[in-house]
Amino acid sequence: MPRPKGRRMLEKLNKARNVMLSDKLRGNSSRSRSSLDPALEGQRGASRSKLDRLSINTDVPSDLDLQETEQLWTIANTNQLTDLMSDALCPNCFQSSLTIRVIKDENMGFASKLKLCCRSSSCGYTKSKFSSPRIQKSNCSNVAFEINTKMVLYSHEIGKGFTSLQTFSSVLGISGISQRAFKDHDNKITDCEVESGEDMLYRTANAIRQAYAETDDDIREAIERGENPLIDISVSYDGTWQKRGFTSLYGVGVCIDLLTGLVVDFDIRSKYCHACHIQKAESMNATDLVVWKEQHDCCTNHHKSSKSMEQDSAVILWNRSVAKYNFRYVEMLSDGDSSAFKAVLESKPYADKAVTKLDCINHAHKRMGTALRKLAKESHLGGRGVGRLTEKKCDSLQNFLSWCYNRQYSRCVQNEECCLGRIIPLHVYRY
Ligand SMILES: [Zn+2]
Ligand SMILES: [Zn+2]
């Protein structure tokens, strides 16, 4: 008798999930990624995509006829460049007397004004050029130089701000970018980064849709008809903070699809807004402050404790999944902390569909070890002499639990008691 379609899909998903979980247990998460998301393999790097959005050409121009081993950009010392020019003839007096200088007063941030001069006093030949082209090779003086945009992008990529670029320029003894120019570039780059991130998420959602279409004929047929079917997916959810100890001002909640290992969505919580901080320090009068606040796009979106960021992000992500992608996150794999799961359940994101919780084998393994060590230390489980619960025995019990979970996965995945029941009779320890 043929098995029902829903059951077949569930079996395929379970199989994919088992492979992924056992891979993760072995510390090998790359296998599932490369084998399940071929649609994303050809995607270009995130920085490159941002440069494209900033209208900075990332391809080597063919007219320069550069070899593969050559590059367009370098950090150069002008004495070295002058040495390089030592045999070149001046186009005016035909003598080998060319030199390259940097005209410091005419620098525009990291774009240096390079001047080719003839040392012969009777000649007077000069030619000058900026060390960087403007964006899209524009000749307009109000278009930014590529190098300045790239340097601000670099500071974004390493998570630093204006000061890091100041340090960089002071180490090399070059003129850096002004704070005002940095802010202008910073705003443009931030907009591009947000756009690029959103674009990447939608491309990821498409890849996930395709992966689920391969496991379910109904989804595949609906996609082939040009529809956007509602898909129930299983996700792993976790929150992370900028620093430990639940005192962080920033936190992020991330949903990862279990079938493909791709990030479906994320939410950033912030308790701090630098613009508000500066405004307060400038002690603006009350009326001006009200006007300013009306126009201000504030970064603060969290006013509760740092710990609650994880559950708040979960509620936001679950409640926007249908509107954003037409996905329902019906299974939540989390690290054992059930506060986020409880918050999601209370918010009832999907009226007619329940969300269920899965436990990560790695975390169950970790929790078991912590509990055993605590028992051994505080309650002297197994006594103090022969037969006591030693560190080695704790490790063994932890490993037995993982083994049991993996062997019994399909039958009793959510039943710790059942697994423990199998371990204890096999490995007798006195309680
Ligand atoms: Zn000359
Ligand atoms: Zn603000």
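Student: How many helices and strands does the protein have?
Tutor: Keep in mind that this is a predicted model. Buried residues make up 22% of the 431 residues in the protein. As for secondary structure, the count is 17 helices and 8 strands.

Student: In what order do the 5 strands of the open sheet lie?
Tutor: Start from the edges: strand 6 (263-270) and strand 8 (356-359) each pair on one side only. Neighbouring strands are turned by 30° against each other on average, ignoring direction. The pairing is mixed, and the order reads 6-5-4-7-8.

Student: Which residue in strand 6 is the bridge partner of G251?
Tutor: Let's walk across the sheet to get there. Strand 4 and strand 5 run antiparallel and are joined by 7 bridges, and W241 stands opposite G251 in strand 5. Strand 5 also pairs with strand 6, again in the antiparallel sense, over 7 bridges. In strand 6, the partner of G251 is R269.

Student: Which residue in the hairpin of strand 5 and strand 6 takes a positive phi?
Tutor: Good one to look for in the viewer. This hairpin has 5 residues between the strands. The phi in question is near 80°, and the residue that takes it is G261.

Student: Which residue of strand 8 is the bridge partner of E331?
Tutor: Begin at strand 4 (residues 231-241), which runs parallel to strand 7 (residues 327-334) and is joined to it by 6 bridges. There, I233 stands opposite Y329, and S234 stands opposite E331. Moving on, strand 7 and strand 8 pair in the parallel sense over 4 bridges. In strand 8, E331 finds its partner in T356.

Student: At about what angle does helix 13 run to strand 7?
Tutor: Helix 13 covers residues 339-347 and lies across strand 4, strand 7 and strand 8.

Student: Where does the largest share of the largest nonpolar core come from?
Tutor: That core has 25 residues, and those with the most contacts inside it are I208, Y212, I233, V235, V264 and Y329. The largest share, 5 residues, comes from helix 8.

Student: Which residues is V264 in contact with, leaving aside its neighbours within four places in sequence?
Tutor: V264 belongs to the group with the most contacts inside the largest nonpolar core. Its contacts include I208 and V235, which belong to that group too.

Student: How many residues are in the second, separate core?
Tutor: You can find this core by looking for L51, F110, I147 and I177, which are included in it. The number of residues is 16.

Note on methods: Residues numbered from 1 in each chain as written. Chains lettered and ligands numbered in written order. Predicted model: local features only at pLDDT ≥ 70, side-chain atom pairs only at ≥ 80, totals over all residues. Pairing = 2+ DSSP bridges. Helix = DSSP H or I, 4+ residues; strand = E, 2+ residues; numbered from the N terminus. Axes fitted to C-alpha atoms, helices over the stretch in contact; angles between N-to-C directions. Contact = placed C-beta atoms within 7 Å. Buried ≥ 20, exposed ≤ 12 C-beta atoms within 10 Å, placed from the backbone. Core = buried A, V, L, I, M, F, W, Y, C linked by C-beta atoms within 7 Å.
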